[in-house]
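Q: Could you walk me through how to read a few features of a model like this one?

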Amino acid sequence: MQHRITRTTHRHSRQLSFCASAVLIAGGLLTTLACLTGSGLAADISPAKITTANGMTVLVVEQHFLPIVEIHALIKAGSAQDPPDKAGLANLTASLLEEGTATRSSKQLAEQIDFVGGSLAVTAHEDFTTAAARVLKKDVDLGFTLLADILLHPAFPSQEFDRVRSQILGEIISDNDDPGHVAMKAFNHLVFHNHPYRWSVNGMEETLSKVTLADVQHFYAKEYLPNQVILAIVGDITVEQAAALVQAHFGTWKKGPTPARTAKKPGAIGKKAVQFIEKDLTQSTIVLGHGGISRTNQDFYAVTVMNHILGAGGFSSRLMDSIRDKQGLAYGIMSHYEARAMPGSFWVNLQTKTETTNQAISGVLAEIKAIREAPVTDQELAEAKSFLMGSFPLRLDSTAKLAQVVAQVEFFGLGFEYFAQYPAWIERVTKEDVQRVAKQYLNPQHYALVVVGNISKAKIRH
Amino acid sequence: MCLLAALLAFVEAAPSMAIEPHEHVLSNGMKVLLVEIPKAPVATVQVWYRVGSRNEVMGRAGLSHMLEHMMFKGTAKHPKGSFSRIIRKNGGIDNAFTGQDFTAYFENLAADRVELALELEADRMQGLVLDNNEFQTEREVVKEERRLRSEDDPQGALVEALFAQAFLSHPYHWPVIGWFADLDAMSLDDLQRHYDTFYSPNNATLIVVGDIKADALLPTIKDLFEPIPKGPSPSHTLSAEPEQRGERRIVLKREAQVSSVMIGFRVPNYSSDDAYALALLESALSDGKSSRLYQSLVYDQKNSLSVGAEYGLLQTDPGLFFFYSLVSPGAKVETVEDAMQREIAKLHTELLSDLELQRAKNQVEASRVFEQDSNFRHAMLLGQLESIGAGWHRIDQFLERIRAVTAKDIQRVAKRYLTHDNRTVAILVPLPSKQQNASSPLTYQGKP
């Protein structure tokens, strides 16, 4: 909730924030962290896996270089489990965990973690929620104590419920001042019509207002179970120490029936859908795309390579080269293939001055068509693969990143051989595969287009 | 593997604090800092130049940042586009950032590819080719960046207004990204002059942090960088900012849903004895949910969506200590400003509790350890300390001095700097959308 305002300007901020917190962007999904080196650079990641008597999956990676421990819980419930008329429920429940337990008030929780300079953070996503404590080694017992307390004994005080819900409603309004946020919100509604992925994790004004304290208590009771939790522990701690701490702090948590999952796969759009949102701005924020693939789709790796060449590969991608470097139309442009538990979405986003809105949209569509119609060059393929394979260690170079990756590898059921097999899976992608998946998963006819900006002046022809 | 490590860990080591950099100064004056972190097989290479928006002149705001963009446009040896391509195909990520006091370039990559990044950085320290066509296109990119960060972002626009009002003659007056008119007025000659003046080894610091061996890497660095001749010693005299004599206020009106307020105070930087108390004050006010501003404005009074305080400790010249709030919908901006002023007044009259003081110290100390978990952030801290003239050695001294600060010290600096006459208040007044219904903007749906 606290945000820092800095006076530093980056050549491409998306990339810089990428470096600072790779796994956090794009909703913490695995698309952003998928690769392993082929050149013998792999960090030797082999988590120890323990299943506790109450069904919790515990993963431990020892790293003794710095006296830091990251305790990262992934709970298998997110906004995809919100009832449609109560969108925002999973996030509100998550947000209230830190706001009081049976024995600690909101302020006491904050004071205890802040006093040791640690952090405690709960974040809801679409497919899951994470609750993480980060402490110095000397405070590891406190880290476990507080994390277990908020997960096992949240009190959901009614005054905190009112306050936090108002706070989130305020944030939803405030988000309307961010054109990128407004555009993505509209885009998700077009692409995920009839599916829970259509609403933002924090919900909508009209649905969040309907959520009651009883809804939160019920959601918690149904979803927050030890057998629904993956606990990744990374840092200056041994497997034995971690196992003992888990038993001491989480051992009394009662397992329960696995909650039923009813959501079906999102359907395709089936036609072109357009939404233009008028705002008094100097730039048009453009989002163009459609439905995508799930993380377990067997074409995931070919799609990863294709998307890298098209627009995810930073300064060397086709979209960046065409729209930014050759035409000077945008500062940042990127394509995203966000793979989730259920099929996610594909989109390109950029901002360009009002006058060049049409030119930029045409440029994006031209690149989507081009990668479908002709094979990529040998050089493009080789460079994309070598980046994806070679950059893997960068995505695991801090305890926080590593804890998130390990938990998600388990969540998506990829198996820990993933760490060793990834380069082979990328390496075997061919030019033909890239063109095949471009034809299969990119659609330059049936797409959703959202533009936020000075619409009357932009005179959009698309 | 896990078992062996488990046995070793029972031998409790003293908590490792700062990992000392290996420091070398090359014959041409370039400082090199190498930090060995064998935790993961990766490294960050960063080249920091002591040039930023503070080294610009009126009418050319944004020149340093513009030059930073042009640094990716190629040299005689590595033509346009090849820099990033070479880094990418070796599994690395490259980028750059410009601030008021520095311009920095970095490559994050596998530790065994560090030499490649060094070779490319050495090449563009001297061999940049400035091409007019490339400049024309890139200027449009930078203008898009300005629209994104300032024109169309209410918070970005307000922080720009705050600095422009708080600094009248010092170059901290203008934004790093520059003004539109200045970007349009820039020429290739301006860029060339800026490059020739500031891009030399004696005005740069090279930092490598990661899974490297300093002894093995240093000869490579010498081979690559020592042939680059020493450049001019840039003059660092700048217009000083006169003392502020009375409150300044600025109001920014624009289409927005929520308002915000910022209150800035001119304060000394790292070089002052008061810096340590100011740094702790920043932490007590805004680090974590137990901090004063969060507890008071967000939690108790519920008039802010987010709040904070930010102190420009690591700046070459004295900067700002500023408070900010994103005002809750339904709350009045005046109420929030009053609440902030009350928090500030309280600092004048009441001492921080022992608990608050100790918490702030613990937070500052712990953050030094957490910072080392990321090679990138670790290198950034060293680069910033060197670029502002503080020197990296100051980290150790900093922690010692922090431990010695008392509640009375904090009260003293609050009384001295957080005063009515020294403050600049910036307020964002949201205008309703031009559309009839502000909360659900007019949309056109279907095929137009």
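Q: What should I know before I start?

A: This is a predicted model, where local features need pLDDT of at least 70, side-chain atom pairs count only at pLDDT 80 or more, and totals for chains, interfaces and linings use all residues. Residues are numbered from 1 along each chain as its sequence is written, while chains are lettered from A and ligands numbered from 1 in the order in which they are written.

Q: How many helices and strands does chain B have?

A: Helices (H or I, at least four residues) and strands (E, at least two) are DSSP runs, numbered from the N terminus. Chain B has 16 helices and 12 strands. Its radius of gyration is 24 Å, close to the 22 Å from the globule rule for 448 residues, so chain B is as compact as a globular protein of that length. That radius is taken over C-alpha atoms, and the rule is 2.2 Å times the number of residues to the power 0.38. The C-alpha trace of chain B spans about 65 × 60 × 55 Å along its principal axes.

Q: How do I read a packed helix pair?

A: Two packed helices are described by the angle between their axes and the distance between the axes. Axes are lines fitted to C-alpha atoms, for helices over the stretch in contact, and angles run from 0 to 180 degrees between N-to-C directions. Angles under 35 degrees count as roughly parallel, over 145 as roughly antiparallel, 65 to 115 as roughly perpendicular and the rest as oblique. In chain B, α13(B) (residues 354-371) and α15(B) (residues 394-404) pack at about 165 degrees with axes 10 Å apart, and are therefore roughly antiparallel.

Q: Which residues of α13(B) and α15(B) meet?

A: Two residues are in contact if their C-beta atoms, placed from the backbone, lie within 7 Å. Here Lys361(B), Val364(B), Glu365(B) and Arg368(B) of α13(B) meet Leu399(B), Ile402(B) and Arg403(B) of α15(B). By class these are three nonpolar, no polar and four charged. Ala, Val, Leu, Ile, Met, Phe, Trp, Tyr, Cys and Pro count as nonpolar, Asp, Glu, Lys and Arg as charged, and the others, Gly among them, as polar.

Q: How many residues does each chain give to the contact between chains A and B?

A: Chain B gives 89 residues and chain A gives 86 residues. On the chain B side, helix α5 (residues 132-151) supplies the largest share, 10 residues. That side divides into 33 nonpolar, 33 polar and 23 charged residues.

Q: At what angle do α13 of chain A and α3 of chain B cross?

A: The axes of α13(A) (residues 378-390) and α3(B) (residues 82-89) cross at roughly 55 degrees and come within 7 Å, which makes α13(A) oblique to α3(B). Glu383(A), Ser386(A) and Phe387(A) face Arg85(B), Arg88(B) and Lys89(B) in this contact.

Q: What about phi in the loops?

A: Most residues other than glycine have a negative phi. Asn194(A), however, has a positive phi near 70 degrees, and lies in the loop between α6 (179-191) and α7 (205-208) of chain A. Lys302(B) also has a positive phi, about 55 degrees, in the loop between α11 (292-300) and β9 (304-311) of chain B.

Q: Are Asn194(A) and Lys302(B) exposed or partly exposed?

A: A residue is buried if 20 or more other C-beta atoms lie within 10 Å of its own, exposed if 12 or fewer, and partly exposed in between, with C-beta atoms placed from the backbone. Asn194(A) has 9 C-beta neighbours inside 10 Å and counts as exposed, whereas Lys302(B), with 16 other C-beta atoms within 10 Å, is partly exposed.
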